[in-house]
Amino acid sequence: MMEATLWHPVALASAVGAAPLAVTLLEHALVLWRDGAGPVQAWADRCPHRGARLSLGRVQGGRLECPYHGWQFEPGGRCAAVPALPAFQPPASHCATAFACREAHGLVWVRLDASAEDSGLPAFPAEDDPELRKMNCGPYDVATSAPRIVENFLDMAHFSFVHEGWLGLREHPQIADPVVQDTPRGLRATGCQAWQPQSNLHATAASLVEYSYEVTAPYCALLTKVPEAGSTAVAHWRESIGLYICPLTPETSRVWFRLAVADFESPDEKLAAFQHTIFTQDQPVLESQSPKRLPLDPKAERHVVCDRVSVAYRRALVRQGVRFGVL
């Protein structure tokens, strides 16, 4: 399964604290935990002894303790102690199943299959821009496949209908024809423009907004948007938004947004509220789409010229051999 070789977000890094945290990735039950200031550990949520869920246990003395018989596991997965047999030295075969795990963009990322070459984490260029404030929004649990959510993120033609009064109006449905280029990770689309009555939290007037998109992994994408000068209360407003999706199952997903905005004054809650409004307008439509898995056969759904970006995304998924679409 190609998806297992990729890095996927599974939780906010801030959510992994003193207690073990249960998460799901690609239908696998995982447990996340950390030893004090140490790196996050990602293991199969199953004790190798009798199969109890390790996420029901506790972190004790730098070890994860199983809730059933108290077996203790050190970072890396080695079993360090079996309380019922104090003198017993557990062999290497008694270890927990550990997976590659990293922290980036405010999220914990897990890679289930490390046998293939590591293609690296999806990039977020705005991360290193000191003039942009970064924060995460979510998670949102969505009853559809990850590719459906990415395609919606790339689609501008729905702005005037799903986001009417915010990102578009029915009286202004036309969008600019973008330039789309395939990339090794997915695609890049530039020259995307849309007329928007309220393009961002600080918009003071309707404006023409310039978008660019990039798919950085099968289930991750970025957009940057710059409104016309003078249309926002914040001078030189610009923003970048990263879409990061955890494929829980072929037809259910968990979604986060990474915001990078030219606003260091507004409280987190106010910035998150705008993003929440936009995505919760999308969610019922996403969950209504049938089939839930994105059709990758070009004849399965009808396309027009303004679907150029989404069609390129579907072709990229075919090239990469993803599982959560339908051929």
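This is a predicted model: local features need pLDDT of at least 70, side-chain atom pairs count only at pLDDT 80 or more; totals for chains, interfaces and linings use all residues.

Visitor: How many aromatic pairs does the structure hold, and what describes a pair of aromatic rings?

Guide: The general idea is that two quantities describe such a pair: the distance of the centres and the angle of the planes. In this structure there are 13 aromatic pairs. Consider phenylalanine 124 and tyrosine 244: their ring centres are 6.5 Å apart and their planes stand at 85°, so the pair is edge-to-face.

Visitor: Where in the chain do phenylalanine 124 and tyrosine 244 lie?

Guide: Phenylalanine 124 belongs to the loop between β10 (107-111) and β11 (133-142), whereas tyrosine 244 belongs to strand β16 (residues 239-249); the pair therefore ties together parts that are 120 residues apart in sequence. Both phenylalanine 124 and tyrosine 244 are buried.

Visitor: Which residues outside its sequence neighbourhood does glutamine 275 contact, and is glutamine 275 buried or exposed?

Guide: Glutamine 275 sits in helix α3 (residues 268-288). With a relative accessible area of 10%, glutamine 275 is buried. Beyond the neighbours within four places in sequence, its contacts are Cys137, Ile241, Phe257 and Leu259.

Visitor: What should helix α4 span, and how far apart are its end C-alpha atoms?

Guide: Helix α4 (residues 308-320) has 13 residues, which at 1.5 Å a residue should span 18 Å; the end C-alpha atoms are 19 Å apart, which agrees.

Visitor: Which residues of α4 are buried, and what do they pack against?

Guide: In general, an α-helix has 3.6 residues a turn, so residues three or four places apart point the same way. In α4 the buried residues are Val309, Ser310, Ala312, Tyr313, Arg314, Ala316, Leu317 and Gln320. They pack against α1 (146-154), β12 (179-182), β13 (187-196), β14 (207-217) and β18 (294-295). Just after α4, glycine 321 adopts a positive phi of about 70°.

Terms used. Residues are numbered from 1 along each chain as its sequence is written. Side-chain values use heavy atoms; hydrogens and water are left out. Helices (H or I, at least four residues) and strands (E, at least two) are DSSP runs, numbered from the N terminus. Buried means under 20% relative accessible area, exposed over 50%, partly exposed in between (1.4 Å probe, protein chains only). Contact means heavy atoms within 4.5 Å. Rings of Phe, Tyr and Trp (its six-membered ring) pair if their centres lie within 6.5 Å; planes under 30 degrees apart count as stacked, over 60 as edge-to-face and the rest as tilted. The expected span of a helix is 1.5 Å times one less than its number of residues.
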